[in-house]
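Biologist: Pick one part of this model and walk me through it slowly, please. I'd like the cut-offs spelled out as you go.

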Amino acid sequence: RVGSEQLGIRSWPLTTRTYSAPPGVVVELGDEGAITDPAVGWASRRALVMGREWAGDRWLYRLAVRERARP
């Protein structure tokens, strides 16, 4: 599933960003969800977990976020 999602996102206009999570929260590569980040103007933007790294006290997740279609 992760491979098919990775192939599928090649057609997305996308942005990647890194977000942290508390130690008790773990998501897996390929998980999908919606992210809201008011600082960049995102509300329920579809995101796919592309990477995960332990930062000593929390997980850092690399997310591919679908951009809105441009007119």
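Modeller: Ground rule for strand talk: two strands pair if DSSP finds at least two bridges between them. Strands (E, at least two residues) and helices (H or I, at least four) are DSSP runs, numbered from the N terminus. Keep in mind that this is a predicted model, where local features need pLDDT of at least 70 and side-chain atom pairs count only at pLDDT 80 or more, while totals for chains, interfaces and linings use all residues. Residues are numbered from 1 along each chain as its sequence is written, and side-chain values use heavy atoms, with hydrogens and water left out.

The protein has one helix and four strands, in the order α-β-β-β-β along the sequence. The part I'd zoom in on is β4 and what sits around it. β4 pairs antiparallel with β1 over eight bridges, and T16 has A64 of β4 as its bridge partner. With β3, the pairing is also antiparallel, over seven bridges. There, R52 stands opposite Y61 in β4.

Is each Trp buried or exposed? W59 is buried at 19% relative accessible area, whereas W54 is partly exposed at 42%. Buried means under 20%, exposed over 50%, and partly exposed in between (1.4 Å probe, protein chains only).

W59 also belongs to the largest nonpolar core, 10 residues that include Y61, L63 and V65 as well. Such a core is a set of buried Ala, Val, Leu, Ile, Met, Phe, Trp, Tyr and Cys residues joined through side-chain atoms within 4.5 Å. β1 (14–21), β3 (42–54) and β4 (59–66) each give at least two residues to this core, and β4 has the largest share, four residues. In general, nonpolar side chains in soluble globular proteins tend to be buried together.

L63 ties several of these pieces together. Its contacts (heavy atoms within 4.5 Å), leaving aside neighbours within four places in sequence, include T16, R17, Y19, I35, A47 and V49. R17 sits in β1 and is partly exposed at 31% relative accessible area. Skipping residues up to four places away in sequence, R17 touches D37, V40, W42, Y61, R62 and L63.
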